[in-house]
Amino acid sequence: MEKMSKSHEDYLEAIVMLGGTPKAPVRSVDVAAKLGVSKASVNKAVNALKEKGLLDQPYYGDITLTPEGYEYGTAVLGRHHLLFTFLTKALGIPEERADEEACLMEHAISDESYEKWVAYIKALDLE
């Protein structure tokens with residue numbers, strides 16, 4: 001799947017974090033609260049992600065991820081967790097800062113570099 005904008009990745013990640021799956025919808029008001037954005041911003045992102053086939057939302061209904069949206073969102077969340085673990089456990093960075101920096105890094109790192117990082121962290125047994 002082609003790489004998306006940081007913003008769209010954050011929406012998918014937030015929906016997964018809120019418990020969203022292809023069979024478990026989440027409310028747009030909860031997504032807005034999680035990301036600290038307005039409901040109008042959520043609606044705009046939802047429409048864009050619907051066009052990409054990553055989620056569904058009936059008119060003013062709850063948001064449901066498609067299988068593809070769930071896969072993408074869980075991949076972003078997985079990157080975040082791995083980077084956060086490395087930053088806190090291997091480098092000793094405080095959790096709040098590590099969380100912020102992992103969020104930035106999860107969007108910027110290439111798939112190839114990420115896979116090498118996964119192998120390195122597994123070799124360190126940090127997971």
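Q: How many helices and strands are there in the protein?
A: The protein has six helices and two strands, where helices (H or I, at least four residues) and strands (E, at least two) are DSSP runs numbered from the N terminus. This is a predicted model, in which local features need pLDDT of at least 70, side-chain atom pairs count only at pLDDT 80 or more, and totals for chains, interfaces and linings use all residues. Residues are numbered from 1 along each chain as its sequence is written, and side-chain values use heavy atoms, with hydrogens and water left out.

Q: Which pattern does the protein follow along the sequence?
A: The pattern is α-α-α-β-β-α-α-α.

Q: And what does the C-alpha trace span along its principal axes?
A: The C-alpha trace spans about 50 × 30 × 25 Å.

Q: What share of the residues counts as buried?
A: Of the 127 residues, 40% are buried, meaning under 20% relative accessible area with a 1.4 Å probe and protein chains only; exposed is over 50%, and partly exposed lies in between.

Q: Turning to Thr64, where does it lie?
A: Thr64 is in strand E2, which covers residues 64-65.

Q: Why does Thr64 count as buried?
A: Thr64 counts as buried because its relative accessibility is 18%.

Q: Which residues is Thr64 in contact with?
A: Apart from neighbours within four places in sequence, Thr64 is in contact with Thr21, Pro22, Lys23, Pro25, Leu55 and Asp56, contact being heavy atoms within 4.5 Å.

Q: What about contacts in the protein between residues at least 6 apart in sequence: what percentage joins residues at least 24 apart?
A: Among those contacts, 60% join residues at least 24 apart.
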